[in-house]
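Please open the structure in your viewer and keep the selection tool at hand. The tour goes from one selection to the next.

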Amino acid sequence: MNKSEDIKPSNILFIICPFCQLEHFLRAKFGEKVFFYTVPGGVLNFHTVETFWLSEFLRREQITDIYLVNDVSCNFIEEAINGKQEFGLNCERQFRELLKKLSADFESLYLKEKKELLAKTNVLAQLNYLKTQNFLKDEIPQDKIRVHGMITDKNRGFEILS
């Protein structure tokens, strides 16, 4: 897992699941001057009003880096792996769709490995989704805003995917 010295703690937006309670963990690693955007499971699904306010926020706070974060202990990830009842959230559908696309070898993995793989697969999918959003196309291609993925494990630290 990477060390926090690699990330400068200013003008950073972390996109996290509100139920994973990552704010304290990330602030302890990266400082108090970071921002959070929360969405269940860390699965994005932008609507017109949200995109306007998020775009405005990115400009106002001069965000230079966005980190899409999934924690290996996310309940939505474990519930998808264990086939538990859904409550109709977008992230639940996303995790189950991603599970269908994983190789047959997935079933032979330990639960911890399954969680890590599903978290990583989701973050990569969310990175692709974020890069296709029209409201960010002016910022991202010109390197005004760099987009990264991150997998966290509160016991072990974090791993940056891009």
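What follows is a short walk through a helix, some aromatic rings and a histidine.

This is a predicted model, in which local features need pLDDT of at least 70 and side-chain atom pairs count only at pLDDT 80 or more, while totals for chains, interfaces and linings use all residues. Residues are numbered from 1 along each chain as its sequence is written, and side-chain values use heavy atoms, with hydrogens and water left out.

Select helix 1, residues 23-30 (helices are DSSP runs of H or I with at least four residues, strands runs of E with at least two, numbered from the N terminus). Its buried residues are F25, L26 and F30 (buried means under 20% relative accessible area, exposed over 50%, partly exposed in between, with a 1.4 Å probe and protein chains only). Seen down the helix axis, these buried residues fall within an arc of 105°, so they line one face of helix 1 (the arc is that of the directions from the axis to the C-beta atoms). On the other side of helix 1, H24 and A28 are exposed.

Next, select F19 and F76, an edge-to-face aromatic pair with 5.8 Å centre to centre and 70° between the planes (rings of Phe, Tyr and Trp, the last by its six-membered ring, pair if their centres lie within 6.5 Å; planes under 30 degrees apart count as stacked, over 60 as edge-to-face and the rest as tilted). F19 is exposed at 54% relative accessibility, whereas F76 is buried at 8%.

Finally, select H148 in strand 4, residues 146-153, which is buried with a relative accessible area of 12%.
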